[in-house]
Amino acid sequence: MLELTDTDLKQTRFYQDVFTEGRQEEGTELILHQLQLRCGGLAPTLAERVAHLSLSQLKALAGALLEFRGTADLEQWLATHAQE
């Protein structure tokens, strides 16, 4: 019908947006899970702030959280990195 190949479809803006959104959601879920293991229960406001991070910010947070000792470290990280 349209004779689009798989490669053609992967280059479309729609495909890229959907793919990135899926990665964003998975990354957010994983980081929130890691934060709960590291810091204990998170306040809903902190979880919401993490959920609004970009994919590159989530990657940076994934590395930083290995050094966290509690939610104060997360709050400090968000204060300095969430605005980028």
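At what angle do the axes of helix α3 (residues 44–51) and helix α5 (residues 71–81) cross? I kept this question at the head of the page and noted first what kind of model I had open.

**Entry 1: ground rules.** The model is predicted, so I noted that local features need pLDDT of at least 70, that side-chain atom pairs count only at pLDDT 80 or more, and that totals for chains, interfaces and linings use all residues. Residues are numbered from 1 along each chain as its sequence is written, and side-chain values use heavy atoms, with hydrogens and water left out.

**Entry 2: the overall picture.** I looked up the secondary structure and found five helices and zero strands, where helices (H or I, at least four residues) and strands (E, at least two) are DSSP runs numbered from the N terminus. Read from the N terminus on, the elements run α-α-α-α-α. Of the 84 residues, 24% count as buried, and I wrote down the cut-offs: buried is under 20% relative accessible area, exposed is over 50%, and partly exposed is in between, with a 1.4 Å probe and protein chains only. The protein exposes about 6,200 Å², of which carbon and sulfur atoms supply 54%; such areas come from the Shrake-Rupley method with a 1.4 Å probe, and for residues only the protein chains shown count as cover. Among contacts with a separation of 6 or more, residues 24 or more positions apart account for 66%, a contact being heavy atoms within 4.5 Å.

**Entry 3: α3 against α5.** Returning to my opening question, I found that the two axes come within 11 Å and cross at roughly 40°. That makes α3 oblique to α5, since angles under 35 degrees count as roughly parallel, over 145 as roughly antiparallel, 65 to 115 as roughly perpendicular and the rest as oblique. The axes are lines fitted to C-alpha atoms, for helices over the stretch in contact, and angles run from 0 to 180 degrees between N-to-C directions. The crossing of α3 and α5 is left-handed, meaning that the near helix is turned anticlockwise from the far one by less than a right angle, whereas clockwise would be right-handed. On the α3 side the contact is made by Leu46, Arg49 and Val50, and on the α5 side by Thr71, Leu74, Glu75, Leu78 and Ala79. By class these residues divide into five nonpolar, one polar and two charged; Ala, Val, Leu, Ile, Met, Phe, Trp, Tyr, Cys and Pro count as nonpolar, Asp, Glu, Lys and Arg as charged, and the others, Gly among them, as polar.

**Entry 4: α4 against α5.** I then turned to helix α4 (residues 55–64), whose axis comes within 12 Å of that of α5 and crosses it at roughly 145°. Here the crossing is right-handed. Gln57, Ala60, Leu61 and Ala64 of α4 meet Leu74, Trp77 and His81 of α5, and this contact has five nonpolar, two polar and no charged residues.

**Entry 5: single residues.** Not counting residues up to four places away in sequence, Leu65 touches Ile31, Gln34, Leu35 and Arg38. Thr28 lies in helix α2 (residues 13–39) and counts as buried at 9% relative accessibility; leaving aside neighbours within four places in sequence, Thr28 is in contact with Ala51 and Leu58. Ser54, in the loop between α3 and α4, is partly exposed at 29%.
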